[in-house]
Amino acid sequence: MSLRVVFMGTPDYGVPSLEALIEAGYHVVGVFCQPDKPSGRGKKIVPCPVKQCALSHGIDVFQPVKTRVDGVEPLRALAPDLCVTAAFGHILSQEVLDIPRMGTVNVHASLLPQYRGSAPVNWALINGERVTGVTTMMTDRGMDTGDILMQREVEVLPGDNAGMLVDKLARVGAELLIETIRALEAGNCPRRKQDEGQASYFPLLKKEMGVMDFGKTAKALCDFTRGMNPWPGAYAGAYKVLEAEAEPWAGDEAPGTVLRADAKQGLWVRAGEGALNILRMQAAGGKPMSARDYLRGHQMEVGALIAPEKTDAE
RNA sequence: CGCGGGGUAGAGCAGUUCGGUAGCUCGUCGGGCUCAUAACCCGGAGGUCGAGGGUUCAAGUCCCUCCCCCGCAA
């Protein structure tokens, strides 16, 4: 007899796990996600990806404002054997955690205990990690502090940005989730406490954190660009930098100086060490395009600063 | 009705205010120069100006309708 499972998640990251549960034959008796909010151009209300997925499978959707308050009764009524969370965005109370007989399993996109927090993939990229991964863990009341069940490493490819890596980790996480649940059912799932000495926590990203600091090395700026895309984006003044490479450069220009800006050579900007070769970018109001395409139709002065003045943040 | 920018040659843009020969940078094709080149010189091809309707002697440009794209915001 298949387990009664309640899935909790909101963005794209959770969808593969939800689909995997359904495909594996578990009885997904309900899906929790955050309330719909007006979003997109024109303030339309668009259901979050997890909700869309749930509805397309005919699963009941619950959208409590605070799960630990108005989510308790609906959850209890579903009488789940197991809860699964993946980027749900709500902190669960002990009362909620006590409802499912087998507990609550979280699919986290990092190799815990490193990169606890809401934006593990972004931070792993920003910090230049070459390997990251996913972890299934027993959710407890802390922020990603529960016991580790299973982990799987994923190599970070040089071309990965946060969006691509999240997709990849979501798929790996979905596989690992099923493996984990099977082991839990069989009673032979590994389980170990997190080593607090090795733990690290990184905060949620905010829009204003996307401002590029050209005093950093070209490599760091390159990693930053990867980690901040597609959201919140890495900004150099009026330009959003989508993709860049680090290049060697010897010269005494000030960080942020435009070194090259033409359709043949591309757009190079002085970094604290080396130069940042901006490959893809997007001007305000414009479409994303390669820097070379942009320069065919726009003038940029070599020798000037790419971000001449602080864009009035906020 | 949340605010705003945009659709013109294969790519990126100007031209629209004030209607009157379709322009720039790059690519592409041909030729030349060069030890050589992503360099330079000469020449050519390539555009239903997002769609439809209207005004006009004349519409990329003015009026109306529609489609699509993007930034902010979330």
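How many salt bridges does the rule find across the interface of domain 1 and domain 2? The rule finds 0 there, taking a salt bridge as a side-chain nitrogen of Lys or Arg within 4 Å of a carboxyl oxygen of Asp or Glu.

## Ground rules

This is a predicted model, where local features need pLDDT of at least 70 and side-chain atom pairs count only at pLDDT 80 or more, while totals for chains, interfaces and linings use all residues. Residues are numbered from 1 along each chain as its sequence is written, chains are lettered from A and ligands numbered from 1 in the order in which they are written, and side-chain values use heavy atoms, with hydrogens and water left out.

Chain A is divided into domain 1 (4-198) and domain 2 (207-297), with bounds that come from an automatic or database domain assignment. Taken over C-alpha atoms, the domain centres are 34 Å apart. Domain 1 brings 13 residues to the contact and domain 2 brings 10 residues, where contact means heavy atoms within 4.5 Å.

About 750 Å² is buried between the two domains, and carbon and sulfur atoms give 58% of that area. Buried area here is the accessible area (1.4 Å probe) that two parts lose on being put together, summed over both. On the domain 1 side, Leu125, Ile126 and Asn161 lose the most area to domain 2, together 49% of what that side buries.

## The largest pocket

Now for the open space. The largest pocket holds about 1,600 Å³. On a 1 Å grid over the protein atoms alone, a pocket is an open set of points where a 1.4 Å probe fits, with protein on both sides within 12 Å along at least five of seven lines. Grid points are joined across faces, edges and corners, and the volume is the space filled by probe spheres set on the points. Both domain 1 and domain 2 give residues to the lining, so the largest pocket lies between them.

The lining has 45 residues, each with an atom within 4 Å of a point; Pro11, Ala87, Phe88, Gly89 and Ser118 lie nearest the centre. By class there are 23 nonpolar, 15 polar and 7 charged residues, with Ala, Val, Leu, Ile, Met, Phe, Trp, Tyr, Cys and Pro counted as nonpolar, Asp, Glu, Lys and Arg as charged, and the others, Gly among them, as polar. β5 (104-108), α6 (120-126) and α7 (162-186) each supply at least two lining residues, and α7 gives the most, with 4. Helices (H or I, at least four residues) and strands (E, at least two) are DSSP runs, numbered from the N terminus.

## Backbone details worth a look

Alanine 87 has a positive phi, near 50°, in a residue other than glycine. Alanine 87 sits in the loop between β4 (82-86) and α5 (94-97).

The peptide bond from leucine 112 to proline 113 is cis, with omega near 10°, and proline 113 lies in the loop between β5 and α6.
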